[in-house]
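Here is a friendly briefing to read alongside the structure. Have the sequence to hand as you go through the topics.

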Amino acid sequence: MRTLLRTTAVATTLAIGLCTPAVRAQNNAPKAPAAEKSRTWTVHADQIFTANGAAIEGGFISVVDGKIAAIGPIPSRDRDKEGVLRVAAITPGLIDLSPNIDLSQNSVEQSDEITPHLRVADALDPYSLSFDRALRSGVTTVLCSPPDENVIGGLSVVVKTGGPGSIAKRTVKADAVLRGSFGSQPSRRNSPAFGRSRDFYNRRPTTRMGVEWEWRKAFYDAVVARQDAEQSFPGVEQLHAVLDGKLPLMVQAGPTQDVRTAIFLKEEFAIPNLILDQASEAWKEPDLLVRSGAAVVLPPFTWNGRVGFDRGFHAWNTALLLEESGVVFAFSGRDATDRDERLSVQPGYAMRGGLSFESALRAVTITPARMLGIENRVGSLEVGKDADLVLWNGRPFDFTSDVVGVMLDGDLVVDPRAAQ
Amino acid sequence: MRAVERVPAAASTGRALPQPAQGRRFVHLASRTRLGDLDPASAVLPHIPKDESMIGQTFLQAPFLLALLALGTGTPEVAVDAPVTPAAESPAGAPAARELLALRADVVHLGDGRTVENGTVLIENGRIRAVGASVDVPSGTPTVQLHGHLAPGFVLPHSSLLPIAERFDATRGFLPDAAIVHAFRPESDALSKALAAGVTTVVLAPTEGNVVGGVTGVVKTAGGRVLKRRAHLALSMSNAAVDDRRFPTSFSGLTTELRRLFTAGEGVYGEVKSGTLPVLVAARERHHVARAVDLGAEMGFKGALIGAALAGEQLDILDKSGWTVVFETPGPNINTRIQEAMADYAKSGNPFAFSYVDADGMRMATAQLLRRGVSPDAVLRALTVTGAQVAGVGGRVGQIERGFDADLVLWSGHPLELSSAPVVVYVDGKAVHRASTRPASTRPAPTRPASTRAKADTKHTGANR
Amino acid sequence: MPHSATRARSSSPLKNFARALSTCARRGSVRTVAAALVAFTGVASAGAQDAPTTPPAPAAETAPATAPAPATAPAPVRVESVLVRGARVIVRPGHELENAAVLIQGGRIVAVGTGIEAPEGARVLEGEVVMAGIIDPWGAVGLDRASISDRTATASARAIDALDPYSQDHIREAALGAGITAVRIGIGRDGRIGGLSALVRNSPRFDRETSIVLEDASVSAAIGPQPGTDVFARLDEIDRLIAELEKGKRQLDAVVEYDKKLAEWQKAIAEKAAESEKEFKKVQRAREKEMADAKEAKKEFKEKAYKEDAKPKAPRYDADAKQLARVVTGELPLFVEVDRVQDLRALLQKTKVYPRLRLVLAGVADGRFVAEELAERRIPVIVVPARSDRGGAFDQDGFALAADLADKGVTVLFGSGGIDPDASSNLPLLAAMAVGRGLERKTALEALTTLPARILDVGHRLGSLERGKDADVLILSGDPLATTTRVRAVLLAGEVAFEGR
């Protein structure tokens, strides 16, 4: 199980790299332009967890031009094939719906609280080291959202965590969800501007009630604007898309009251598609969630079970409780205080809380992909999908295992052989 | 690399002044006569050695006077050698219609990388008529023999020359109809300082504090004559454009608004989209650059990126992208990473130019590139040809070529050597600036042929065959 | 490398021997004399094996040299030889050789001249121009920021303790790549007095022996280093600086006084002892009588007290005062960062009373106003050409400052300013810029090499390519002040520390 490389002889061969594509590319480097880096690989693993059915024992994945070309049990004739990457386990690249990706310094549009038409894609820094950090820990796809200082912040974007220095070129799905926030964060530290110099926090809303009012007013205005074009405002199209179910709405809602407020809003305006982010106390309202059909993104687990500014209670068994209630959920690596945790360890905590391995795996791969409607490209290991692989040196999510390799679109970003 | 080797040779060895051609006799007029002491109008010459009987005659001849006039009046210390012209050859007078001037220099840099040794530049009515090693100079043309390197005046396609109040509006983020040529004062001290540094043409641009700063203008630094009133639309996508005190305060807001404006395509935005008005986009950090390039691709525009200090780390998106990078030149203390990135970009063969803050900053930035192995030709091209192209006046300035404006700078050594200095600056064929050297008398006698500025003496020859 | 990083008061073995002897004489101990003798012979033989420590006559440079055979040692430690050939070898500014070579053994230059053959097994390096490493007399490479501007530093605070030799590797490499081989680093800019600066080599790998040239290169101070300080506040700072010097002077006086008294006391003791010796019987009898009397009176016997028994007290040990005393005697130079004209005038006026003080002024943005006095008092200045915002608002050209001061006869050095570690690598470019503003090339080169070495009292080790000096050698592709010149290789104490691409 733990065998990384079958024999040292193979390791030597790999190291010398007689026929591994990476090394060949390196040798040819002076002649061939750097862009033509090979993205064709064969990877063997003791176990492959596809996140879409049963695990494959002793399986291989063949990658051609950044896509998965073949997957299955290793044919006996190929068992000792040379030039093959060998690892203990493979999972799909992880997907984080609430990652800790640094936004550039100026990413809050303070001129308004309701800015549904703004795109976070325009504020992202493709060179941010936080992308690289996520990628190296096995997170290959992230949903980047506008900061939660605005009530309705704008449009989130799904991007790969690596690739060229251009957000446009890394985008998996533009305008994936409309992002907003309930609770304390949009009003946190805000105050009226009387008698003060203007600064970031001198603005509305200043209370939780005010935040909720802004939400309801925005959707009310959108409904009015549907009848009367004169009443239109910037961002109304996005709100209409949400109301029509063409655009999922993702809101930050941590403690119970915010979860309830969000679901009441969904029901009042008949919003078809709602995702609750950082919903640490969602487990307290399972019936409401099941009734509304909203999906949940859980913040990272903590040792004392308290998360976010509101100190929501989020024990290790909350994921299990949601699973048993039939609520769709995913894990993430960030809470409202921007505490940064590795996504790859969250399933491990949830499993300590009683969740099964399969459910835990789904909650970082195929479930978030389905929530965003990108499951045709990422989220599971199937022929034709993007070759985003996480290579493990043991059983995934065990605390004694680690991510030793990462492949993104067929590029071996973290080479497991380097860990030897 | 030949040029590299030539540079230190010329600059460091301070090679001896070229001997006058045989058959011409030079009479040394007065050592270290200050031309500024001469009054060309009255032609009263101090310190003329009595025994040089022919000198008075020579001086009164029209060509020499013309040459004197062309050199202006604020002229400091230069050693003057006057030729003794055989009486038979003296011309009747300069033709009134055509104003001709021939400049001969040890090395002429044409701007595009080519050089001519002992070249002659023939100027007619302020424009270059011919250049080369053997130029057919019409008889009677006043000819000035210059010692040093003659190069095109530098053209900097972005500058922060003007006072901040003339370039920045703190209350509004979008000023599409502003035109900076209406705002600047042509006698500005900053312009004459730029001229003294050999910069003859600059683009006046607004600060990066406004998202849309308005329309830039191209001016000559000599007197601030406007070459082009509407040169570019100045955009800013850098941190300074997202101000906490007015819309937009975020990059999302900024980009969304620009997208809306370009999509609507009214006014200047329409001109940009149709290609009639280029853009200058202030983009300092890498993500600013990435955002600008992405938006440009989306909205269909390309232009120059101002700043882009780490462009060398972004060749994956900038290589052959059609954008030109205009590097900022803040001064000597550019950090190592930026210096390396600048050099990498310059070596990649993609076009680049420089922005002007002050002369020392500009020269240090170029020197830092050279120290990191960028070829002097590439840097000189950036300061001249590329600069002019980005400024939108490529066919007119930035090269020593037939038909171009005679904006020339005489340098005491290679123009990119820090130890060289501009000696005379010609704009439209007129010597509009002359370096003010410190009085030689107070300086210790050089022990070696040494300092290149010792060559800063100019010789005037009269009629030339 | 037999050099000590601490500034030795007397570097020659002979002087050490003399000092040891005098100590012996004072203590009257044969054992110490013997120790001194042993020490002397040890040092002397080490000196014989090595290159001579005194600078050689210039004539020796051109003489073709063979590899100097180790004179005595039968099994010498194999010293690695490096031969650096150059089309133009700048032995020192103003003295250049064509097609010459520099032979380096054991980290020192053993021969410079034409026609030097490479010894067997020697590594041979070649380049267009070969010259001595550039010294930045006012830099910050390797120092942490907090220490640079420390408010609490005192005269004995050492920059060497704030040096992190493992940080800023890329900066060190960039500086080496520009030919800067040694940097004087100082701390405590914002304090009353900055403490001991160090002269440090830009070695890529830290090694105490080679990396630290001097632990006590100078004491440094700064007058109103933050722009915008009030003139009275700055004059106050000058007074405080002078008060520190006074402290050093008092310490010095106290030590002199103590030495004098001690000598007197020793003399008195010796005289008394001699006297006692002579009248031994008489004294002994008198003492016995006294003892008997005391016994009879049932009193405790007390030895007779002599006035000579009162040994003079040594002055209280004060680490700061000790360093300040070294400054006042001129043993350590005092580097003062001072820019504005009022400060310059006040400082020059108030330091007149210390005739042996070796003042070096750094910054001197307004130096033109006091150029004559600087020249007359032979006070060297460190100019930072890139700075234009320091002095009063006289709108002066910072790049022309060096030339203007040099014209008036002031000794000018170039420094990078002591704040930004990145700035050191610009030094040759800044010097070239100053040449463009009228400085003589030779003066500029001296300002980069020989002058800082001399002013920091390491002229016998650094700054030029002469026999016996440390082999800090640059191999350049062209003239050191030409912009296009690239550094091909740098040797630090004979080892190749940098090789250009």
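In which sense do strand β1 (residues 41-48) of chain A and β4(A) pair, and over how many bridges? They pair in the parallel sense over five bridges; strands are DSSP runs of E with at least two residues, helices are runs of H or I with at least four, and both are numbered from the N terminus. Two strands pair if DSSP finds at least two bridges between them.

This is a predicted model, in which local features need pLDDT of at least 70 and side-chain atom pairs count only at pLDDT 80 or more, while totals for chains, interfaces and linings use all residues. Residues are numbered from 1 along each chain as its sequence is written, and chains are lettered from A and ligands numbered from 1 in the order in which they are written.

**Chain A overall**
- Chain A has 12 helices and 19 strands.
- Of its 420 residues, 52% count as buried (20 or more other C-beta atoms within 10 Å of a residue's own, with C-beta atoms placed from the backbone).

**Around strand β4(A)**
- All eight residues of β4(A) (residues 85-92) are buried, leaving the strand mostly covered.
- On the β1(A) side, I48(A) stands opposite I90(A).
- Strand β17 (residues 389-392) of chain A runs antiparallel to β4(A), joined to it by four bridges.
- In that pairing, P92(A) stands opposite L389(A).

**The nonpolar core**
- The largest nonpolar core has 375 residues, and L276(A) and V296(A) touch the most other members. Such a core is a set of buried Ala, Val, Leu, Ile, Met, Phe, Trp, Tyr and Cys residues joined through C-beta atoms within 7 Å.
- Leaving aside residues up to four places away in sequence, V296(A) touches L276(A), A279(A), A282(A), L289(A), L322(A), V327(A), V328(A) and F329(A).

**Where the chains meet**
- In all, 27 residues of chain A are in contact with 22 residues of chain B (C-beta atoms, placed from the backbone, within 7 Å).

**Helix α11 in chain B**
- The helix α11(B) is largely enclosed by the rest of the structure, because 14 of its 16 residues are buried.
- Just after α11(B), G392(B) takes a positive phi of about 85 degrees.

Notes:
A residue is buried if 20 or more other C-beta atoms lie within 10 Å of its own, exposed if 12 or fewer, and partly exposed in between; C-beta atoms are placed from the backbone. Two residues are in contact if their C-beta atoms, placed from the backbone, lie within 7 Å.
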